[in-house]
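Work through the exercises below with the sequence and the 3D structure open. Each task is followed by a solution in steps.

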Amino acid sequence: MSIDSEHSMVGQALPHSGPSSTGFVDKPRAAAAVREFLAAIGEDPDREDLLETPMRVAKAAEELFAGMHTDPAEVLSKTFDISHDELVLVRDIEVQSFCEHHLLPFVGVAHVGYIPSKDGRVTGLSKLGRLVDCYAKRPQVQERLTTQVADALVRYIGARGVIVVVECEHMCMTMRGVRKPGSRTVTSAVRGILRDPATRAEAMGLITNG
Ligand SMILES: Nc1nc2c(ncn2[C@@H]2O[C@H](COP(=O)(O)OP(=O)(O)OP(=O)(O)O)[C@@H](O)[C@H]2O)c(=O)[nH]1
Ligand SMILES: [Zn+2]
């Protein structure tokens, strides 16, 4: 179960809670499933070079899906009162996620901007990258990733305006299926006063032109 505090887990004692918890994957179960999968595709799971693969995958899953067990409220819990009440924008935050339809990666960048709460509380810049990871490191679709990052900034630090733009290439569209390498999907979410056309245009200008 995810410990995302948006989903009614606030205040509960959580096993393995924390921004970078480990130990949440049932590794023997995951390894058994990978072994079965290898057999299903016609491989020999007892082939010497494959013997350790199921457990390797199970261990990797802990890292690859760590966001499921990261609490966004905790990521954004520390703020600084520096009385900055205008746009803060971090561009080109690396995104590495997994499409929940095919469990193949989608990778690219996120641009995250926000206008702090009226009292000018800001979060540490690195926390925006951690927030993106929190929502990216889980089975995901790009649209949901984009809105979850935007909504978290409103909810947890009271941002008066938020703009999130995510641009990714989906391996499920390049390695298989429609096979369109190089195509990039762009999604955006805008909240609060950044919905105002002039403010939004200014933020989009900074995102696209630097
Ligand atoms: N909206 C959205 N779609 C995604 C995302 N990642 C993958 N997809 C799409 O999910 C869809 C799943 O479609 P299905 O028809 O159920 O699956 P499929 O037969 O494997 O589809 P094809 O990829 O067209 O072969 C595909 O069109 C994918 O391109 C995402 O982040 N957002
Ligand atoms: Zn996919």
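A residue is near a molecule if its C-beta atom, placed from the backbone, lies within 6 Å of it. The model is predicted, so local features need pLDDT of at least 70 and side-chain atom pairs count only at pLDDT 80 or more, while totals for chains, interfaces and linings use all residues. Residues are numbered from 1 along each chain as its sequence is written, and chains are lettered from A and ligands numbered from 1 in the order in which they are written.

**Exercise 1.** List the residues that surround ligand 1 and sort them by class.

Step 1. The shell of ligand 1 consists of Cys99, His101, Val141, Gln142, Glu143, His170, Cys172, Met173, Gly177 and Val178.

Step 2. Two elements, α5 (142-157) and α6 (171-174), each give two or more residues to this shell. Helices are DSSP runs (H or I, at least four residues), numbered from the N terminus.

Step 3. Ala, Val, Leu, Ile, Met, Phe, Trp, Tyr, Cys and Pro count as nonpolar, Asp, Glu, Lys and Arg as charged, and the others, Gly among them, as polar. On this scheme the shell has 5 nonpolar, 4 polar and 1 charged residues.

**Exercise 2.** Describe how α4 packs against α5.

Step 1. Two packed helices are described by the angle between their axes and the distance between the axes. Axes are lines fitted to C-alpha atoms over the stretch in contact, and angles run from 0 to 180 degrees between N-to-C directions.

Step 2. For α4 (residues 125-136) and α5 the angle is about 135° and the axes are 9 Å apart.

Step 3. Angles under 35 degrees count as roughly parallel, over 145 as roughly antiparallel, 65 to 115 as roughly perpendicular and the rest as oblique. The pair α4 and α5 is therefore oblique.

Step 4. Residues are in contact if their C-beta atoms, placed from the backbone, lie within 7 Å. Leu131, Val132, Tyr135 and Ala136 of α4 meet Leu145, Gln148, Val149 and Ala152 of α5. This contact has 7 nonpolar, 1 polar and no charged residues.

**Exercise 3.** At what angle do α1 and α2 cross, and which residues make the contact?

Step 1. The axes of α1 (residues 27-40) and α2 (residues 53-64) come within 8 Å and cross at roughly 130°, which makes α1 oblique to α2.

Step 2. From α1 come Lys27, Ala30, Ala31, Val34 and Arg35; from α2 come Thr53, Pro54, Met55, Val57, Ala58, Lys59 and Ala61.

Step 3. By class, the contact of α1 with α2 holds 8 nonpolar, 1 polar and 3 charged residues.

Definitions and conventions. Two residues are in contact if their C-beta atoms, placed from the backbone, lie within 7 Å.
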